[in-house]
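Please load the model in the viewer and keep the selection tool at hand.

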Amino acid sequence: MPNLDDLISLAESAVKKAKSQGAEESEAYISWTKSLSTDIQGGLVKAREGETAGVGIRAVIGKKVGFAAVSSIEEERVYTAAERAVQVARIRPKDPKFLRLPDPVKRPSKSGFFDERMLDVTSSDMMEKAQRIVEEAGKVDERVVYVSGDTELIIVQFAVANSRGINAGDSGTGIDGGIYCKAMENGEERTGLESISSRQLIGFEGVGDIAAKRAIESLGAEKLQKPEKLPVIFDNYTSPMFLSLLSYGVSAMSVQEGRSALIGKLGEKVAWKNLTIIDDSWMEDGLSTMKYDAEGIPTTVKPVIESGVLKSYLYDSYTAHFEQKASTGNAVRRGEAYLQTPAISPVNYLVEPGSKSLEEMVTEVDEGLLVRYSLLGVEHSNYISGDFSVVATNPFYIRDGAIAHPLDPVTIAGNAYEALMKIMRIGSDLRLSTTGKTPSVLVSDLTCTP
Amino acid sequence: MERALRFGEDLNADLLEVRGDDIGHVTVSSEKMVVKDTRVFRLVGVGVRAYVKGATGYSFTTRLSEESVKDVVRNSVKSAKVASGYAKLKLEPAEYEPVKTRYSIDVRRHPANVEFEEKKDMLLRGEEAAKDAGVDVATTRASYGEASGTKYFINSEGADIRREVLLVSIGAAVVSKRGDVLVDAYDSHGGTLGLEAFEGEHSPETQGQNAGRWATEKLTGKKPPAGKFRALIDSQLAGVMAHESFGHLSEYDFVMTGGSPLGGKLDQKLGSDCATIIDEGISDLPKYPGFTLPYDDEGVKARPVVLLDKGVLKGYLHQRGTAGAVRVEPTGNGRAVDYRFEPICRMRNTYFAKGDLTVEEGMELLDEGIYACSTAGGQVSLDGTFMFKAVRGYWVEGGEPKYAFRDVAIRGHIMDLLKNILGRCNDLKIHSGYFGGCGKGGQSPLAVGLGGPHVLLEQATFGGEQD
């Protein structure tokens, strides 16, 4: 793992290089990622490890922002990227909305958990973990006909510096284990899955067992009789859908450009009165927690929705400066981070939990659906309008406050913003995922199509 | 790369493959007639796969010194040895004649040789047209993306392939707002193309006009219906249906491990006589623009595979390791997103073969039902359930569109939806592009082509909303 101070100095020298080439302002973002993964797909076995590193540079000449990146942190190639960013700035037209790169901000912030033990994990360790997951699943029931398990460990580090004096960076560790099973009986096929992610080294005990049982419990499904509007409980695997759609609407970029459904709704009621959602960027075990955002701004903790009222949009420096505001520390660079220019996203959503368990929530429903574990088509939703039409792979029919039987796949359609208003209950069962920590939710009146 | 390979020969792997990428990217976006993100970047990296006793190890790096590439070779063999202790099913690279070749892409106006000014102008032309064609426009956007460069492949059997890659996309989008109703529409074109392809029906102006018109229709559109309806789907949706239904589930890693419902069903009739689906590497450019892939990432010639022939399951998609395991010819479907990943069974251009109806005849045969168009993609589950998203649609009566719908998911099951195909039109198109792509096993987005003609379905499940 590179030394963070070395990465920061390299970013600073790239900033100087861009300046010497004629940039009025410049910023260099460096990311380094090491990954170790194993995959056991029904007996086919793969192991993989490697590292990537690179730099992305923004160079500014009179409201013209050029970006260039290269998959290397060797000095010479970093400098070439800096020159290229300046060339791009020269040929592109102005963006009148761009005011300046961010100034350094001094305020407290927090890093997430960094597990030193992850540095010493080998591919045999990861293979053993994956093997344990698939072995467990294989022992559950002979109706389980397919088991595919994988594990991945990631160590990331980033550094960012700009010509206004920002120089920051942070590191993080993460491990995840997942399994996908299929059970079959009398020609009926059902899937079951489980996945767990953590910043700390964990062993994945019970992960295989639970996934296999989920596939088995969905066997013997019946058909929903006809399309109808029903109350639907989304468990804590499927409920993050609403938050991912909300993220688009609370982005200041969507708001400023006129493509958010939440324009003009600040301070207004946009959700059920008991819904409070915080962007908890300091969550120690949060999978996206970093001390600084992707522009080097200290991250913050703030309510997005408080008791049903919209409290804040999320800003990076570009959108914040446009409104003469301060960035909320929500600039992110997703995927292969050094290739990206900043976008806006919550860091970790924390939904304030209710008092009822999922079982108790089921007892409150006379007739409705419980949708568990996975939905197809969430990412194909309309993020602008919030319209969704998703397929529940493991739905259950609730009658008289109890689960009656599993159902064949059901399509569930509605609008995420309307659904926030139609929430009737929030569970106590927070689950950690890349979205943050979210509980099960009960939403009334969604069209369910067999 | 060659020195790394020679170094690896002493490490006792059954087969070593070394891949190198050197790909340049340019992306430009604009919104409300202002050029926004303007990015150029170059990805250079090396990845090595080792086979040991039927298992594989993979390692990769962006550091190109001889020492780091040797480390990568060492790590790949080490990982493969670890993996081999757990393998119950074995990948056995199929016998093949190692190829030594150079492949270049021949387009008239290669994007890498065209000035930035022109690319930027194409975006603004698209936005301008979108703004003019739209009503109650909240915003217009346009995007341009290109990737071009060289992929290198060598292996310990003597293969040596150097092939050029090229992928380009241009698109225009409109968001319209009336009261609290927010709608959007998008049109784009892309594939392995020169910029000469963005003329006429694929010009930025046409894209902008389409986006503006479609968003306007959706402004007064109704909520899509819920339930089973007769439907005509356009070539984009037909492509996604082919990809998500028979495409993924015919990938042989899913089949040989028991994951796919298509295992053991070769030569069985699973669709109607109209259901013919093909997956191939090189599309017949420029007639059907798509994604050009002459060799896969394992050095295998990408030959066409008929998956479904008049409803009968005829083929599966193989990487070398699965083909060898069941002693069939490799098909050239071993593909990786980039140097960070090992090749696995993936699609290339997947499409429904064309039929002989005109689109007008298709509409007449539909008579009453839903005409569904354009897509935001789809997804499949290993139980055979798949969905694909139509982003606009029309209620049709007497063969005439009556009013528009908003976005809706169409759901099906592999064992029954393709039995419902009543007819195919003669307007085959293949869609591909720089943006989006296919995801599997953590590898995303992989460039693929999707297509077909307009396809008539006797019955499809629309997951809309009741009032």
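Predicted model: local features only at pLDDT ≥ 70, side-chain atom pairs only at ≥ 80, totals over all residues.

Residues are numbered from 1 along each chain as its sequence is written, and chains are lettered from A and ligands numbered from 1 in the order in which they are written.

Select first the contact (C-beta atoms, placed from the backbone, within 7 Å): 66 residues of chain A and 72 residues of chain B take part. On the side of chain A, strand β2 (residues 44-61) supplies the largest share, 11 residues. Strands here are DSSP E runs of at least two residues, and helices are H or I runs of at least four, numbered from the N terminus.

Next, display β2(A) with strand β3 (residues 55-61) of chain B; the two pair (at least two DSSP bridges) in the parallel sense over 6 bridges. Within this pairing, Arg48(A) has Tyr58(B) as its bridge partner.

Move to Glu51(A), also in strand β2 of chain A. Glu51(A) is buried because 20 other C-beta atoms lie within 10 Å; the term requires 20 or more, with exposed meaning 12 or fewer and partly exposed in between. Beyond residues up to four places away in sequence, Glu51(A) touches Trp32(A), Thr33(A), Lys34(A) and Thr61(B).

Finally, select helix α5 (residues 235-249) of chain B. Here 15 of its 15 residues are buried.

Technical notes: Contact = placed C-beta atoms within 7 Å. Expected span 1.5 Å × (residues − 1).
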